[in-house]
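Please work through the exercises below with the model displayed. Each task is followed by a solution in steps.

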Amino acid sequence: MVQADTPRRIQELMDRSALEGAEAFGIQFERLRPEFRTGEVYRQLFARTDGGPVYVTNYRSAQNRGKTDDMLARELLELAGCGADLCDVMGDYFDRRPDEAAVDRAAIHRQLRLIEALHERGAKVLMSSHIHKFTPAQRVLEIALEHQKRGADISKIVTGAQTMDEQVENLKIILMLKKELQIPFLFLCGGQCGILRRIGGELGCCMYLCVHEHDGFATPVQPLLRDVKTMRELLGRPAYEIQQQDCPCNGSGSGNRTGGCEDAGVGRRGCGTA
């Protein structure tokens, strides 16, 4: 994910991420200063990806504090019109809730209209709910199914894990979502136990959210792009191959041992800043 308050810094991070092998780019436009929130700037940034997919967010935080959800929705539509490939629609747009899952019928109807309008502009929609605390499996599934019902192309849910038991339960939730959902999903967690952010794509999540570096704007829990690419490579290789490479007679190796991992995702697991 790319977070910065000027187009120049965004371009710098995108260029550096591309050199590291980013396969997609996520730009968090709530960070961009108001004087740069123009269609011309959007188009220039999207052209920087050299055809790579662009995921955009426009959350209520940072430079967007004080804006109404109607304003945020209009800005999302503008981003889609300028070429954004995937737009993040918060699950509680027009009906703010602690778990970011709207329940007001009028608000849900407005969400449906927004998603339809984004689709008409050629963008896909990721609906997100940031809960930021451990959430039982059944509630996670209820929210994900609501995202699917409202027309989202991808469901994103962020919970938490403060203990190993909670982390193990979150790993089980990924298997449940694979079985029950008909759309791709991104299931993440914060807290003390955040292994999902490093191996989730090998278990079923449709992408990784990474950063090129941990500067003052980056989300601390998001892993470095180069680390996730290394982890993905290791998890995707048979144990025998890695053991042969690590064998002293072969000259070098990290000493790591890991078993093979079949592609359990929904299509190719993107690794990059989106």
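The model is predicted: local features need pLDDT of at least 70, side-chain atom pairs count only at pLDDT 80 or more, and totals for chains, interfaces and linings use all residues. Residues are numbered from 1 along each chain as its sequence is written, and side-chain values use heavy atoms, with hydrogens and water left out.

**Exercise 1. State how many helices and strands the chain has, and what percentage of its residues count as buried.**

Step 1. Helices (H or I, at least four residues) and strands (E, at least two) are DSSP runs, numbered from the N terminus. The chain has nine helices and six strands.

Step 2. Buried means under 20% relative accessible area with a 1.4 Å probe, protein chains only. Of the 274 residues, 52% count as buried.

Step 3. The accessible surface (Shrake-Rupley method, 1.4 Å probe) comes to about 12900 Å², and carbon and sulfur atoms hold 50% of that area.

Step 4. A contact is a pair of heavy atoms within 4.5 Å. Among the chain's contacts with a separation of 6 or more, 68% are accounted for by residues 24 or more positions apart.

**Exercise 2. Carry out the analysis for helix H3 (residues 69–81).**

Step 1. H3 has 13 residues and reaches 18 Å from its first C-alpha to its last, close to the expected 18 Å.

Step 2. Its buried residues are Asp69, Leu72, Ala73, Glu75, Leu76, Leu77, Leu79 and Ala80. The packing partners of these residues are H2, strand S2 (54–57), strand S3 (86–90) and helix H4 (105–120).

**Exercise 3. Describe the largest pocket and its lining.**

Step 1. On a 1 Å grid over the protein atoms alone, a pocket is an open set of points with protein on both sides within 12 Å along at least five of seven lines, whereas a cavity is a set where a 1.4 Å probe fits but cannot get out; lining residues have an atom within 4 Å of a point.

Step 2. The largest pocket holds about 550 Å³ of space. Its lining has 28 residues, with Gln28, Tyr59, Ser61, His130 and His132 nearest the centre. Strand S5 (154–160) and strand S6 (185–190) are the elements that give two or more residues to this lining.

**Exercise 4. Determine how many cavities of 30 Å³ or more the structure holds, and describe them.**

Step 1. There are two such cavities.

Step 2. The largest cavity has a volume of about 60 Å³. Eleven residues line the largest cavity, and Met1, Val2, Leu13, Val211 and Glu213 lie nearest its centre.

Step 3. The second largest cavity has about 30 Å³ of space. Its lining includes Leu186, Arg197, Cys205 and Tyr208. Helix H7 (196–203) and S6 each give two or more residues to this lining, and H7 supplies the largest share, four residues.

Key
Points joined across faces, edges and corners; volume = space filled by probe spheres on them. Buried < 20%, exposed > 50% of the residue type's maximum accessible area, 1.4 Å probe, protein only. Expected span 1.5 Å × (residues − 1).
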